[in-house]
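Colleague: Please pick a single part of this structure and walk me through it closely. I would like its surroundings as well, in plain terms.

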Amino acid sequence: MAMIPMLGTFTAFIGQRRLASGPAGDVALAVKHAAPRPDEPIIIFDDGTGRTIDFDLRGGDDEVLARLAKLAPPPSAEEATPPSESRGRGRPRLGVVAREVTLLPRHWEWLNAQPGGASVALRKLVDETRRASGDKDRERQARDAAYHFMSTMAGNFARFEEASRALFADDRRRFTGLIADWPADIRDHVVKLAYRDRA
């Protein structure tokens with residue numbers, strides 16, 4: 001089973017109604033204790049991606065929560081080492097993962113001439129680019145999450161195609177107008193996912 005981003009939020013729908021929204025444990029237990037009807041399946045979404053996710057709900061509540069905790073990603077190197085712990089000599093553990101990068105000779109020459117060498121220069125370039133494009137990246141991720149959720153929950157609704165085009169064109173007024181008569185919980189959740197950073 002894949003890692004579950006335990007710090008993220010999740011939303012469960014029972015049919016077209018929102019059942020629960022919040023941390024993984026809260027949503028898993030709400031789903032476990034819900035009484036679905038055959039014509040109203042329960043679907044859980046990762047709000048960060050808008051994609052469906054399955055929780056293993058077998059056993060008691062404590063067992064469900066324990067399994068979810070095991071699926072959480074391991075802490076980063078910074079989280080794993082308490083700040084009060086004295087460090088030994090040498091380079092600090094940064095959680096560095098060695099991977100291959102293919103560049104032209106002129107790129108390697110420039111990188112190697114930078115203070116700290118190629119690795120330091122590449123890390124700085126990545127950090128600067130992430131800062132510069134952060135808003136656009138968040139908007140793209142929000143739009144993609146909204147689209148994935150819409151495709152699952154509203155793919156056969158009236159004006160789905162037009163709404164999708166308006167979403168990707170970032171035409172918020174047209175988008176919200178096109179989905180105005182969709183079931184309230186689905187409509188509200190799509191808008192929340194699409195515009196969560198631009199309320």
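Modeller: Contact, as used here, means heavy atoms within 4.5 Å. This is a predicted model, in which local features need pLDDT of at least 70 and side-chain atom pairs count only at pLDDT 80 or more, while totals for chains, interfaces and linings use all residues. Residues are numbered from 1 along each chain as its sequence is written, and side-chain values use heavy atoms, with hydrogens and water left out.

First, the setting. Among the contacts in the chain with a separation of 6 or more, 56% are between residues 24 or more positions apart. The chain has nine helices and three strands; helices (H or I, at least four residues) and strands (E, at least two) are DSSP runs, numbered from the N terminus. Read from the N terminus, their order is β-β-α-β-α-α-α-α-α-α-α-α. Of the 199 residues, 29% are buried, where buried means under 20% relative accessible area, exposed over 50% and partly exposed in between, with a 1.4 Å probe and protein chains only.

The part I have picked is strand β1, residues 10-14. Five of its five residues are buried, so the rest of the structure largely encloses β1. In a regular strand, side chains alternate between the two faces of the sheet. In β1 both faces are covered: F10, A12 and I14 are buried on one side, and T11 and F13 are buried on the other.

β1 belongs to an open sheet of three strands, in the order β2-β1-β3, with antiparallel pairing. Strands pair if DSSP finds at least two bridges between them. From one strand to the next the twist averages 20 degrees; angles run from 0 to 180 degrees between N-to-C directions, and axes are lines fitted to C-alpha atoms, for helices over the stretch in contact.

Take the β2 side next. β2 covers residues 17-22, and five bridges join it to β1 in the antiparallel sense. Across this pairing, F13 stands opposite R18. The hairpin of β1 and β2 has two residues between the strands, and there G15 takes a positive phi near 65 degrees.

I43 lies in β3 and, at 23% relative accessibility, counts as partly exposed. Leaving aside neighbours within four places in sequence, I43 is in contact with T11, A12 and F13, and also with T52, T152 and M153. The C-alpha atoms of I43 and G15 are 8.0 Å apart, although the two residues are 28 apart in sequence.

Two helices lie across β1. Helix α1 lies across β1, β2 and β3, running at about 145 degrees to β2. Helix α9, residues 184-194, lies across β1 and β2, at about 160 degrees to β1.

Each of these helices leads on to further parts of the chain. α1 (residues 24-33) packs on α2 (residues 61-71) at an angle of about 140 degrees, with the axes 10 Å apart. That angle makes α1 oblique to α2; under 35 degrees counts as roughly parallel, over 145 as roughly antiparallel, 65 to 115 as roughly perpendicular and the rest as oblique. A24, G25, A28, L29, K32 and H33 of α1 make the contact with D61, V64, L65 and L68 of α2. By class, there are six nonpolar, two polar and two charged residues; Ala, Val, Leu, Ile, Met, Phe, Trp, Tyr, Cys and Pro count as nonpolar, Asp, Glu, Lys and Arg as charged, and the others, Gly among them, as polar.

After α9 comes the segment that holds Y195. Y195 counts as buried, at 5% relative accessibility. Not counting residues up to four places away in sequence, Y195 touches L167, D170, D171, R172 and F175. Y195 and R172 are 23 residues apart along the chain, and their C-alpha atoms are separated by 8.7 Å.

To return to the strand itself: β1 has β2 and β3 as its sheet neighbours, has α1 and α9 lying across it, and is buried on both faces.
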